[in-house]
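Here is a friendly walk through some local features of a structure. Keep the 3D view open as you read, and follow along heading by heading.

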Amino acid sequence: MTSSAADSGSVHEQFDAFVTRRYAALVRFGYVLTGDRAGAEDLVQTALFLSFRRWARLADPADPVAYVRRTMVNAQISWSRRLSSRERLLAEPTEAEEYTSGGHEDGREVERLYLWSQLGSLPVRMRAVLVLRFYEDLSEAETANVLGCSVGTVKSQTSRGLARLRRTLADADPEPASFPESARPAAAQPAVSGSMSAGMENLE
Amino acid sequence: MSIQAQLRDTLFRAADELGRPEPPPTVRAMGMLVLSRRRRRRRAAALSAGLAAVLVAVAVPVGLSVLQSDGADERAAAPSRIPPADIFGAPPRGSLAADAAFVEAIRQLPWAWPDAGPGDGEMRLPDPPLETRSVVFAGDVTGGRWALVVGQNTAQPTGNAADGYLLTDIGALSDTAGAWFVGPPGAAPEQMLLATIPRGIPANLPASLHDAATGALVLVAAPDDVIEVSPRPEVAADGTVSRTFRDTNSTDGVAVIALDANPYQGGMPAPAYRVTRRGVEVIELNPDTYSDPDGEQPPGIALNYLRPPAYSLPEGAASGQEQRLAAEVLASFGLRAGQVGFDVHYVGAVPGVSGAAAELTVLSATFPSGAVRTTAFWLQSIPETPGVYGAGGFCTESITSVGVPAAQQVLAMRCDIGNDAREAPAPVSTLVVIAPVELGAATAAAQGGSDTGEVHLADGGVGMIEFPDGAQSVLIQAADGMVLDEVPIRSYSAGSIRVDPDNP
């Protein structure tokens, strides 16, 4: 085996180990970022592809999760710019059953579903800020670093995003029956298509 | 519970619903290698599609083409997909092949490209040692005399430049380089001039050259290859575009064809060829192009201006984008000027990046079938250097079926104006609505997004606002509030704005 082939084998093994260890977490992150499982998987594949190409040059090739996460956020923002005229998935079909089979009796559960659906109405960058802050638990500075913006922007986007969600919840009657039809996840929605499913094609 | 806590709970519970997804084979290292190869092939196709926009911003010398299918790395990756053939190792072919003195003189012609600088790797051009050169084709064609010469590729990229991802000329890694020489009818060898930039060419894929002004097309393939040609794409009434390929009945793997001449240039050339080898389709592509730099300028194309143009770039009407766009339609669809009706919907300012002047040109072409192709192209200048454009790209490029005449259509489109520079500011996104002047003071309300936006069309039926996030269509309302129409917002998914996640 030549040295380059050996290096290549090592890089591939390292990459596969990373994928095994982090794939689930990355898809979960992609899901809260996009609201769409298929979109999340596309996003992870894209980010892994871009990371794979420069694996040897990454600062932390053993576990470059920060780099992959940053790539996912930037890819999501880029795709949303290019695909903004496409339909967006507002909620996952799997939740519909839960909603209609008694879950609506729990006001908090309905609020949660409504909040989830309303996340889809936020501008993509604002949603990314909220996800990084409240799902990934990043600090304002870390979030700013991922998004390539100032801490002030993160502060204002967080504040506006939370205010918008708070207002949305306040505007809606807490009684389940009074929540807008649009809050009903998935099955109640008309045409739903994966906004990100073409992601790799566009990237390519 | 605070909104922060609610949000956190919502996000974590949503994520929990996914369980623990297992990585599919496609995201492992082997899958990435497969994807990487596929990406290179698609990149080549995208490059050909985006060539028109690139031509505006960058001076691409005629003859430099990236359309020559897959390169050496591709052959190594899938050697069994394309049956092997030594196209360029065969004896000379063409009507002048038997003229040994002519062929030898052509073989000895210099390969020096007049505009080539000293070269620093990227611009280094092949210059094969004489002993490695051979003439593949020499013959008379409509309006001239052409020859194809090949030799050792002395300019194969090395180091990072050899990375397939960075290569734009996908034949660059080949061991073989080729160049076309062109002369007037009956030209002596010394009248034959280098017509294309010398470059690496895959040895098992055909070579081609087309001159739209004369209609001459030459295809050089392997002796037993079947060569088919489609003179131009057909646009049906329903807006679909198709091609019909016919066998050229070529001999010895060479087809010399006289197509209809077309004085206009731009965009993709109208003809396409397809080569089949031992039952396997090897390639379907547009030919490389040549145009006589001393050739006559084509006449201006008659355009119907639906409203007075308001040129906003320092060059004024000299930028001539509407003429260029119309010429591109005629050239890429192989039609004569009288066969296509052109309506110019708008020529005027559009918001640029960082306050720079930008101009939008919107043009419709009505084909003989009645289908309408609408093109919206923006150009942004660099303030300090009039005549030099920072960037250009399409807002839309779409074909619609027979229906409302082009001049009566309401057009709504998204224009993302920016440039490719890595440090460039974010693109400026604008919703542009153009309605017939007769509509008077109307409004267009953006629909489908989280933000609302209303475009007032008082000024000659044209209005623009910052693009409302997520908008998908606009509702056209008359001054009295009556809803007249709802039209989808067109966009351009493969435009020149390249928001590359690789360069965040």
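## A four-stranded sheet in chain B

Four strands of chain B make up an open sheet, ordered β23-β22-β25-β26, with antiparallel pairing. The edge positions belong to β23 (454-456) and β26 (483-488) of chain B; each has a single partner strand, so one side of each is left without a neighbour in the sheet. From one strand to the next, the twist averages 20°. Please keep in mind throughout that this is a predicted model.

Take a look at one pairing in this sheet. Strand β22 (residues 443-447) of chain B is joined to β23(B) by 3 bridges, and the two run antiparallel. Within β23(B), H456(B) is the residue that stands opposite T443(B).

## A three-stranded sheet in chain B

Chain B also has an open sheet of 3 strands in the order β20-β21-β24, again with antiparallel pairing. Here β20 and β24 (462-466) of chain B are at the edges with a single partner strand each, which means that one side of each is left without a neighbour in the sheet. Neighbouring strands are turned against each other by 20° on average, direction ignored.

Strand β21 (residues 428-434) of chain B and β24(B) run antiparallel and are joined by 5 bridges. In that pairing, V462(B) of β24(B) has I434(B) opposite.

## The disulfide

How many disulfides does a search of the whole structure find? The search finds 1 over all chains. The disulfide joins C395(B) to C415(B), with an S to S distance of 2.0 Å. The link of C395(B) and C415(B) is right-handed, with 115° about the S-S bond.

The two cysteines lie 20 residues apart and link distant parts of the chain: C395(B) sits in strand β19 (residues 389-400) of chain B, and C415(B) in strand β20 (residues 411-417) of chain B. Are these cysteines buried or exposed? C395(B) counts as buried because its relative accessibility is 0%, and C415(B) counts as buried because its relative accessibility is 0%.

## Nonpolar cores

The largest nonpolar core has 59 residues, and the members that touch the most others are L48(A), V73(A) and L11(B). Helix α1 (residues 3-34) of chain A gives the most to this core, with 10 residues.

Leaving aside residues up to four places away in sequence, L48(A) touches F15(A), F18(A), V19(A), Y23(A) and L26(A), along with V27(B) and M32(B) from chain B. Apart from this core lies another, of 24 residues, including V235(B), L325(B), V344(B) and F367(B).

Strand β17 (residues 358-366) of chain B contains T361(B). With a relative accessible area of 1%, T361(B) is buried. Not counting residues up to four places away in sequence, T361(B) touches Q321(B), E322(B), L325(B), Y346(B), V347(B), T375(B), A376(B) and F377(B).

## Helix α5 of chain A

Now turn to chain A, where helix α5 (residues 107-119) has 13 residues. The helix reaches 18 Å from its first C-alpha to its last, close to the 18 Å expected at 1.5 Å a residue.

Why is α5(A) largely enclosed by the rest of the structure? Because 10 of its 13 residues are buried.

Methods:
Residues are numbered from 1 along each chain as its sequence is written. Chains are lettered from A and ligands numbered from 1 in the order in which they are written. This is a predicted model: local features need pLDDT of at least 70, side-chain atom pairs count only at pLDDT 80 or more; totals for chains, interfaces and linings use all residues. Side-chain values use heavy atoms; hydrogens and water are left out. The expected span of a helix is 1.5 Å times one less than its number of residues. Buried means under 20% relative accessible area, exposed over 50%, partly exposed in between (1.4 Å probe, protein chains only). A nonpolar core is a set of buried Ala, Val, Leu, Ile, Met, Phe, Trp, Tyr and Cys residues joined through side-chain atoms within 4.5 Å. Contact means heavy atoms within 4.5 Å. A disulfide is a pair of cysteine sulfur atoms within 2.5 Å. Two strands pair if DSSP finds at least two bridges between them. Axes are lines fitted to C-alpha atoms, for helices over the stretch in contact, and angles run from 0 to 180 degrees between N-to-C directions.
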